[in-house]
Amino acid sequence: MIGRGGSRSLAILIDRADAPPRTRDPTPPEVDDVTEPPRDPASRRTFLKRTGALAALAASPARGAQPGADAPPAARPRVIDCHAHLHHRGRPSWEADDRALVDAADRLGIDVLCCSMLTPKRPATADGFRECNRWTADGMKRHPGRILGYAYVNPGAGAEAVDEVRRCVQEYGFIGVKLYNEFFCTDPVVFPVIEAAIDLGVPILHHAGHVHHPLPDQPRISDGGRLAELAARYPEAKIICAHACGGGDWEWTIKALRHAPTVYLDTSGSVPDDAVVEMAAKVLGVDRLLFGCDMSMTQGVGRIRGADLPEADKAKILGGNMAKLLAGRAG
Amino acid sequence: MILDVNAYLGPFAFRPLRHNTADGLLGLMDAKGIGRAAVSSASAITYRNAQAGNEELAAEVRGRADRLIPFAVINPAYAGWRDDLQACREMGFRGLRLYPGWHRYALSDPACLELVDAATAMRLPISIPMRVEDVRNQSWLVNVPEVPLAEVAALVAARPDARFLLLNGAGFANGPLGRKDSGLPPNYLIEISRMDSVLTDEIGRLVASLGADRLAFGTGMPFHYPDISLLKLEALRVDEADRRRIAGANAESWLGPA
């Protein structure tokens, strides 16, 4: 072993947004109104043109994303962040923090944020995940057309988890299911939730990572290999492997998913490594890649901007592929 | 002009790098609008004898000193480091990079302090990457923790005449390195690549608490997509004068013009 072998942070592999909300420094940034990227839609387009960010965009709007007061102009194709989080409302600053998320999306040209809300303490109780999902539904109403919801459940709640998934999709209009690390995705306790998602025609965004050192705080984290195994068992399921760039060895993850054609890879995460997107496109194909940030906003957008791929391929990653996934919802 | 204080050349032990020759990196810089870059050897991070990496780098950047500013990786725990430092100075190196975690020494070790003093006497800035890779990505062969910010703060306080570039770090805004009133000397620049300028906005908070004259642009290329740091700089809510300071003026005042 190289190095002094100091303590490895327990926070590792909980990428930013999947971690319990961190304390936000209350110090506000100095804002210069002259140079502040403007927030109204027309000026936002000007900002994007100036930065050159996200010039090629996805083709079709996400199902369930209704135009609202702060919705982007209809003429501009949508960029969809497949992995975001609203802030738990036990946190005093949740409202401002959610607004800051939408503001960040505005500044970076992200039109739609697909959000879940996790309980601060896990494993989540049924009451806990139901409360989170109610607040996510409220977040969709507060930011119409900008926030779409994933139903977060702990599969260990059994029938209550399955019922909650159905209720969230059918009553709240959620677009998918978010699973974390309470169980390996190949544990049979998870299967009824997967089967409900298949019935409803919605994707499952699954927390994932593969590291080469023990993660004592995440003994049941799934990785690309387990997700591929789940996909072999349920080829009808639409599975999203979360945060390629926040889940440890991304080369391992990409290779593990190669022969699992129904598993999509979310490119989000805080790790800014070069060449991730290109390797994923080469090994998996661009049709299986979904743009995401997982709250690491400039990393998420910047890596797609920097990827050496044709603009048409970037458009698929930025929103086209996710829009197709969302269009598959039953009913 | 954009000056990147956090760039590298050569192979890395644990994954392939693109754009890691002088020609390759200059091509990438041209494509991204980056004028100059402070570069060190990526190989020297894991070579036992880091000086071999410095010699490779010197050969690679020869004739490109207008854009590629060579920084030497010196390991004060390894035999002959004083000779290596002198040799690097004579080869035209303009700064140092230290890897205390990878090279197994502490910033407070007497040999490290002697190296800092020697570099200061040569007027060489000293850059310290807080990490090389995210700890989650590390190979099974290595387990190198990040450089603790508390140790960095102790070093900048102990050597007020030295000049430090703090690379690949985050979490400054919550500690003494991120505050003007902490009593630390203003002898360090914080490089922005690992912090954000939206949402958590640590870069914006550092501008507010420490001042735009204490930040420096960096990318970590070719380990990282340079576009990420460029986007952070673009999205940062500061006036254009402060943006220019961060983009290159602050670093240029330390490293000199092209």
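**Rings, charges and cavities**

Arg163(B) sits over the face of Trp254(B), 5.5 Å from the ring centre. Keep in mind that this is a predicted model.

Now to rings beside rings. A pair of aromatic rings is described by two things, the distance of the centres and the angle of the planes. Over all chains, the structure holds six aromatic pairs. Take Tyr172(A) and Phe174(A): their ring centres are 5.3 Å apart and their planes are at 40°, so this pair is tilted. Are these residues buried or exposed? Tyr172(A) has 22% relative accessibility, so it counts as partly exposed. Phe174(A) has 0%, so it counts as buried.

In chain B, Tyr8(B) and Phe223(B) make an edge-to-face pair, with 5.2 Å from centre to centre and 90° between the planes. This pair links distant parts of the chain, 215 residues apart. Tyr8(B) is in strand β1, residues 3–9, while Phe223(B) is in the loop between β8 and α8. Both Tyr8(B) and Phe223(B) are buried.

How many cavities of 30 Å³ or more does the structure hold? There are five. The largest cavity has a volume of about 90 Å³ and is lined by 14 residues. Trp102(B) is one of those nearest its centre, along with Met130(B), Arg131(B), Val132(B) and Pro145(B). By class, the lining has nine nonpolar, two polar and three charged residues.

Technical notes
Residues are numbered from 1 along each chain as its sequence is written. Chains are lettered from A and ligands numbered from 1 in the order in which they are written. This is a predicted model: local features need pLDDT of at least 70, side-chain atom pairs count only at pLDDT 80 or more; totals for chains, interfaces and linings use all residues. Side-chain values use heavy atoms; hydrogens and water are left out. On a 1 Å grid over the protein atoms alone, a cavity is a set of points where a 1.4 Å probe fits but cannot get out, and a pocket is an open set with protein on both sides within 12 Å along at least five of seven lines; lining residues have an atom within 4 Å of a point. Grid points are joined across faces, edges and corners, and a volume is the space filled by probe spheres set on the points. Ala, Val, Leu, Ile, Met, Phe, Trp, Tyr, Cys and Pro count as nonpolar, Asp, Glu, Lys and Arg as charged, and the others, Gly among them, as polar. Rings of Phe, Tyr and Trp (its six-membered ring) pair if their centres lie within 6.5 Å; planes under 30 degrees apart count as stacked, over 60 as edge-to-face and the rest as tilted. Buried means under 20% relative accessible area, exposed over 50%, partly exposed in between (1.4 Å probe, protein chains only). Helices (H or I, at least four residues) and strands (E, at least two) are DSSP runs, numbered from the N terminus. A charge sits over a ring if NZ of Lys or CZ of Arg is within 6 Å of the ring centre and within 35 degrees of the ring normal.
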